[in-house]
Structures are given as C-alpha cells and as structure tokens.
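The sequence and structure are shown first.

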Amino acid sequence: MENKILLTEQEIPRFYYNIMADMPNKPLPPLHPGTKQPITPDLLEPLFPRDLILQEVSTERYIEIPREVREIYAKYRPSPLFRARGLEKMLDTPARIYYKYEGVSPAGSHKPNTAIAQAFYSYVSGAKRIVTETGAGQWGTALAYACQKFGLECEVYMVRVSYDQKPYRKIMMNTFDASVYPSPSDRTEFGRRVLAENPDSSGSLGIAISEAIERALQDPQAHYALGSVLNHVLLHQTIIGQEAIIQMEKAGDQPDIVVAPFGGGSNFAGIAFPFLHKNFSEKQNIRCIAVEPTSCPKLTRGEFRYDFGDTAGMTPLLPMYTLGHDFMPPSIHAGGLRYHGAGVLVSQLLKDGLIDAVAKDQASCFKAGLDFIKAEGIIPAPEATHAIATVIDEAMKCKEEGTEKTILFNLCGHGYFDMASYESYLSGELKDATISNEEISQSIASTNELQPQ
Ligand SMILES: *Cc1c(COP(=O)(O)O)cnc(C)c1O
C-alpha cells in the first residue's frame, strides 16, 4: 500500500508547458490604457528581463528550464504526491484522493517555482535588485529566497493586514536579507496618496503592486516581479502538474478531477494545465476546478472584461475576469486569495468552458482544513483549505452516487505561519463577510471607461 509517490532528481521535468500553444482561442492582447492599442514588448522592458517578456507572449509548447534553475529546484523537487488514505477513510468515500504537496519548498509554498526562474533571468540580464509586493507573505518569502540565491537585493511591499497578522513571514523574509515595508507605505507617491485618504487602510494586493511598480520604474537597476497572474508565472508553475502526471502514472491511477485554490491562478495553472494538455491532445475529459473565496469571487461573480492588474492603474489593461481594480476584499485569512482579477490564460479558459470555478466561504474552508489535519497530519495554508473543502464535496458526491472517481488536488502550501487564523476559527471569532450584488456591479462599473470601442 503506497501512500507516498516520489520521483528521483533525474525525473524533474526539463521543460515548462506553455498552454498558449494548445488553447483553441488565444487570449486577447493586453492594451495600453491610453491608446487602447495592444502594447509592445518594449513597454515592459523597464520592469522585466527580456527572457520573461518573450515567455509572456510565446506560443512554443515547451520552454526549456535553465540548468541553474533546475539545480535549485533539486533542493526541494520533485515534490511528493500523497494518496490521502486517512481522508478517504474519514469520509468513508469510494473516491480515491491524492494531493501534490508544495509545502516542502524552502518558502513553504509553490511560489519558489517561479521566484527562482524570475530571479535567474533578472540576474543574467544584469539587474541588481527586484522589487515586489506580497499578500500573505508567501510570494515575498519565495522571492527573498530566490534573490538571495543569485546575490540580488529584494525589496518587498507587504499588504498591511498581513504584515500585522503574520509577523513571522516578514521575519522569514528578513532572514533571507530582504527589506520589507507595510503597504500602503510612505515610500511611494501612490502609498502616500492612499494613506492621506485613509490612514488606517488595511491595504490590498492591488495597492502593493502599484507601490512596487512605482519603485521599480524609478530605479534603472531594479526589476519588478509578480508572483501570480502573468503568463510567464503560470508557465513556471507547470512543473507541478508535469511531475504529478508521472506520479499518478506510477500510482497506476489517473485523475477525473483536479482541484486547486485560486488567487490569481498560478498554483491552479501549475497543477491543471499539464492535465488540460491531456484533454487537448488525448481527448481526455479531466475536470479542472478553481476554488476562490466567496469574499473575493471574481471567477463566479465577476465579469470578463479589460481591467488594470493593480489599483493605481499602472499596468496594461488585461482581458480577465475581474471585480473591478478598486474592489476592496474583506480582510480574510487566506490573504493569497484576495486579488480582484484572474490571470489572462485562466480567464480565457473559463470563458471557453474548459475549466470550472466554485466559491467557498471561509468557515467551511477552515472546517475542511481541520478535518484534513486530523486525517493527514499536515496543516494546510488557509488558501489550500479552499481546495480541500471542494475535494470533500466531490468525495461526498461520489459516496452518495456510489461512483469511484479519482480526485487530485494541489496542497499548495503549509499553514505553519498561519496559526493565528486557525486560532480565530477555533475560538469562534472568525467572521465571514458577504458581498452584495450592488457592491460588485458598482465596482465593476468603474472599468466601463477602460473597454476598447
Ligand atoms: C500565493 C498563494 C496562493 C494564491 O495564488 P495563486 O497564484 O492563485 O496560486 C494560494 N496558495 C498559497 C499557499 C499561496 O502562497
């Protein structure tokens, strides 16, 4: 009875899988907010290394992973795939449940998969530092780790509410020599503007992105890096699903359903895109489900349209599912899922009906998380509990229907720095905010003027 399916270092995939090559409808182009014309790559050059700009628009199916990047991956990859026998038993379900565990990385989540690649390309292009934002602190930790590997400086704008709720993530970034500032901060013009309007602002990813971009644009030796949403970020994460395919083969099984939590789309894409490749190339019918929080429901209640990726409106306009760039999600514990939009690739796939999305409230997610802890002994990141809640729903459906499905999910990070959020659930203090339709339509209406004619 094998519960843990491992691979050797030699089995680390050597290529990233680019879903752009196989999409029936290619995504619409990003637009310049002024001219509403497709942007040219040179506009991105002050912010990103050339290699990443090329990856952003590439339609090549496979893109080689540089040797230097694979060597650092080997520190924690291939990540293990577990059969969740404890959870199956607890649920008394005929479903077979597996999870890919990305919590084994140095940062404790899937984020180093792209941080290492991004730091490498910045390093070879001659940059001296990378500026970024972070929500719950997962991305900042991953980038701090990756920058330190290549001798780059790292400056992080951390969403205020997480900076206060999750001090250990900040300290972890400091141990990798990164400088961390709560956002909104007084270090940028945009941050000062937000603070002037609301000195108690709890911040948002959108605000932090604006601050980081502003800093990177001012400094010719700096690059900016994003931990989710963009095509090249999703690309780097496909190493997860490619490993999972080999591991599922070793287990002699094959998923009917693949589930992952959804913030901007990177860990979902990471596990799901290689399986969607099977749907495209082998006519399989694997159902991929993205799970978002009910408090930030862009996939299930947002609209597909052009919007800014940040709050200040400094990014190109992206065609995506969005709640409007100044949508301010309530301060929930799954900080990594508090983003107003969804990656362009995932948005197009959802629009074309090639993937599914569901929303889960915070309380049912923590309840599912606690079941998982008791069954499997790993404390999941609050983000990951969204996938677990959906997996349990699907497994219970199998039980009711007497069907034997195979379910795979991405346990994209551990929750060992999130104990305060478990405490607030256990002590009954956790509140869930509901968002009215009016609130959503108002905030989406603010993007009306951004739509191309
Ligand atoms: C960042 C993060 C997320 C959300 O981002 P995606 O790009 O949607 O993956 C989810 N879970 C964890 C553990 C994270 O660190």
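## The seven-stranded sheet

Seven strands form an open sheet of mixed pairing, in the order S1-S4-S5-S15-S10-S11-S14. Strands are DSSP runs of E with at least two residues, helices are runs of H or I with at least four residues, and both are numbered from the N terminus. Two strands pair if DSSP finds at least two bridges between them. The model is predicted: local features need pLDDT of at least 70 and side-chain atom pairs count only at pLDDT 80 or more, while totals for chains, interfaces and linings use all residues. Residues are numbered from 1 along each chain as its sequence is written, and side-chain values use heavy atoms, with hydrogens and water left out.

Within this sheet, S5 (residues 96–101) and S15 (residues 406–411) are joined in the parallel sense over six bridges. Tyr99 has Phe409 of S15 as its bridge partner. Helix H15 (residues 384–401) packs on the sheet, where it touches S5, S10 (257–261), S11 (287–293), S14 and S15. The direction of H15 makes about 170° with that of S15. Such angles run from 0 to 180 degrees between N-to-C directions, with axes being lines fitted to C-alpha atoms, for helices over the stretch in contact.

## Glu394 in helix H15

Glu394 lies in helix H15. Glu394 counts as buried because its relative accessibility is 7%; buried means under 20% relative accessible area, exposed over 50%, and partly exposed in between (1.4 Å probe, protein chains only).

Apart from neighbours within four places in sequence, Glu394 is in contact (heavy atoms within 4.5 Å) with Ile257, Arg287, Ile289 and Ile407. The C-alpha atoms of Glu394 and Thr406 are 9.9 Å apart, and the two residues are twelve residues apart in sequence.

## The four-stranded sheet

A second topic is the open sheet of four strands, ordered S8-S7-S6-S9 with parallel pairing. S8 and S9 (222–224) are its edge strands, each pairing on one side only. On average, neighbouring strands of this sheet are turned by 25° against each other, direction ignored.

S6 (residues 129–134) pairs with S9 in the parallel sense over three bridges, and the bridge partner of Ile130 in S9 is His223. Helix H5 (residues 138–149) lies across S6 and S7 (153–159), running at about 165° to S6.

Ser185 is placed in the loop between strand S8 (179–183) and helix H8 (189–197). With a relative accessibility of 5%, Ser185 counts as buried. A polar atom of the Ser185 side chain lies 3.1 Å from the backbone nitrogen of Arg187. Not counting residues up to four places away in sequence, Ser185 touches Tyr157, Gly191, Arg192, Leu195 and Glu211.

## The ligand site

There are 16 residues around the ligand (a heavy atom within 4 Å), of which Lys111, Ser228, Gly263, Ser266 and Asn267 come nearest. A polar backbone atom of Gly263 is 2.7 Å from an oxygen atom of the ligand. For Gly264, a backbone N or O atom lies 3.0 Å from a ligand oxygen atom. In Ser266, a polar side-chain atom lies 2.7 Å from an oxygen atom of the ligand. On its own the ligand has 380 Å² of accessible area (Shrake-Rupley method, 1.4 Å probe), and the protein covers 97% of that area.

Technical notes
Polar contact = N/O pair within 3.5 Å; in protein donor to acceptor, adjacent residues only side chain to side chain.
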